[in-house]
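Open the model in your viewer and keep the selection tool at hand.

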Amino acid sequence: MSQAKKTLTITTGLAGKVSGDIIVPGDKSCSHRSIMFGSLAEGITHVSGFLPGDDCLATMNAFKAMGIKIEGPDENQNVVIHGKGLRGLTAPNEALNIGNSGTTIRLMSGLLAGQNFAWQMSGDSSLNKRPMGRVVDPLKLMGADISAAENGTPPVISQGVGEGQTLKAIHYDLPMASAQVKSCVLLAGIYADGITSVTEPGITRDHTERMLTAFGYPVTVEDTAIGKKVSIEGGHKLTACDIQVPGDISSATFFMVAGLIAKEGQLIIRNVGMNPTRIGAINILQQMNGDLSIINERMAGGEPVADVVVKSSQLKGIDINERDVPLAIDEFPAIFIAAACAKGTTRLRGAEELRVKESDRIQAMADGLKELTIDCTVFDDGIDIVGGQLTSGTIHSHDDHRIAMSFAISSLRATGEIKILECDNVATSFPNFVTLANQVGLTLNQA
């Protein structure tokens with residue numbers, strides 16, 4: 001990535017009112033999986049509402065490099081995938097570069113572990129610092145010939161399994177509540193002999209289970225004394241289908257917080273995914289006295305969706321329930337901005353996972369909040385944020401799209417201009433963020 005791109009900045013101007021009726025981009029988790037499962041399905045899969053962000057396009061390009069024909073996305077974000085079945089992939093001509101996408105590298109490690117060809121995956125400088133041992137270790141237990149770098153980070157390298165051989169099924173107790181690790185093991189289980197099962201210690205996203213079912217692949221879910229157990233038997237097939245991707249609740253959260261902290265106004269966000277494993281941000285913001293209403297609930301593509309009505313609110317600090325942490329893990333940077341604008345102290349614990357995202361999101365957000373004169377205290381697994389008056393300043397987003405967008409919305413309550421550096425990765429999840437933010441009342445300039 002060039003130095004010019006790394007210094008891309010967003011500058012903010014003063015704004016107060018937020019209002020409008022908007023649709024946010026498609027859900028990133030569902031968009032990734034639609035490409036993966038559509039490629040491995042038998043037949044042609046049609047996807048609507050696909051997120052054309054850099055992360056999801058990295059997944060798409062990886063499957064194209066393995067011989068899958070994919071058309072789109074067109075101007076309406078429709079994608080057509082010509083699936084070739086579970087054994088239809090061919091060896092890529094070179095190492096797969098999947099950019100900044102942790103979802104891609106972790107889920108695809110599982111899907112590719114049982115292939116009979118060699119492969120290698122890595123990404124950009126940010127992704128190549130992220131821990132991969134958490135997926136490599138269980139895949140080795142399944143007999144995969146797979147490894148990461150000496151320090152447990154990408155590249156991930158595999159020689160594949162021998163012709164006619166399969167992985168072996170295992171039961172795996174997740175050491176942490178991680179949808180990516182759960183999905184990796186389950187997807188490897190498609191290529192294993194027998195029933196592979198995973199028990200999770202806390203609630204994690206279930207997009208993999210839902211979408212596998214939509215593609216006709218049987219998945220069993222049961223409650224046990226130590227947590228939810230998800231099982232999958234190898235050897236079944238995926239059948240092409242139509243997938244409607246809901247609006248991404250992570251993207252919607254930036255606008256929920258913007259609507260809540262604005263001095264006035266009402267914002268309606270349409271077609272937001274309401275998967276019960278993803279609604280932690282709504283729970284937390286409502287507990288903070290946020291005026292959020294959920295209307296027009298319905299199902300789309302196997303996922304619950306609804307419209308969200310957001311009104312300007314006087315937020316209050318709370319102790320965030322640890323049960324909501326895995327349900328809001330990607331939304332915490334935006335929630336931290338809500339906490340900075342709330343009356344009193346907001347306390348978060350049990351969120352050590354935030355330290356191994358695209359950046360150390362606890363420290364990065366704390367540094368930025370302090371730059372804007374907000375009092376906060378960092379802990380190994382969380383943060384205390386004392387609400388106050390945001391001022392002007394310069395923020396380093398550390399090439400983390402969620403850090404950049406969170407501080408962009410903070411400008412609604414700042415006393416002066418905020419300059420946010422290293423914003424090129426906003427395109428990974430929300431390509432039209434600046435345009436949409438300005439449409440509802442913010443004043444953002446990108447250069």
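Is Cys-423 buried or exposed? Select Cys-423: this residue is buried, at a relative accessible area of 2%. Buried here means under 20% relative accessible area, exposed over 50%, and partly exposed in between (1.4 Å probe, protein chains only).

A note before moving on. This is a predicted model, in which local features need pLDDT of at least 70 and side-chain atom pairs count only at pLDDT 80 or more, while totals for chains, interfaces and linings use all residues. Residues are numbered from 1 along each chain as its sequence is written, and side-chain values use heavy atoms, with hydrogens and water left out.

Next, select Cys-341. Its relative accessible area is 8%, so Cys-341 is buried. The closest cysteine sulfur to that of Cys-341 belongs to Cys-376, 13 Å away, too far for a bond. For Cys-423, the closest is in Cys-341, at 18 Å, again too far. A disulfide is a pair of cysteine sulfur atoms within 2.5 Å. The count is 0 disulfides.

Now go to helix α13, residues 433-440. Helices (H or I, at least four residues) and strands (E, at least two) are DSSP runs, numbered from the N terminus. Select Phe-433, Val-434, Leu-436, Ala-437 and Val-440, the buried residues of α13. They lie on the same side of α13, because they span an arc of only 165° around the axis. That arc is taken over directions from the helix axis to the C-beta atoms.

Turn to the face away from the buried side: Thr-435 and Gln-439 are exposed there.

What covers the buried residues? Among the covering elements are α8 (249-261), β17 (266-273) and α12 (401-409). Contact means heavy atoms within 4.5 Å.
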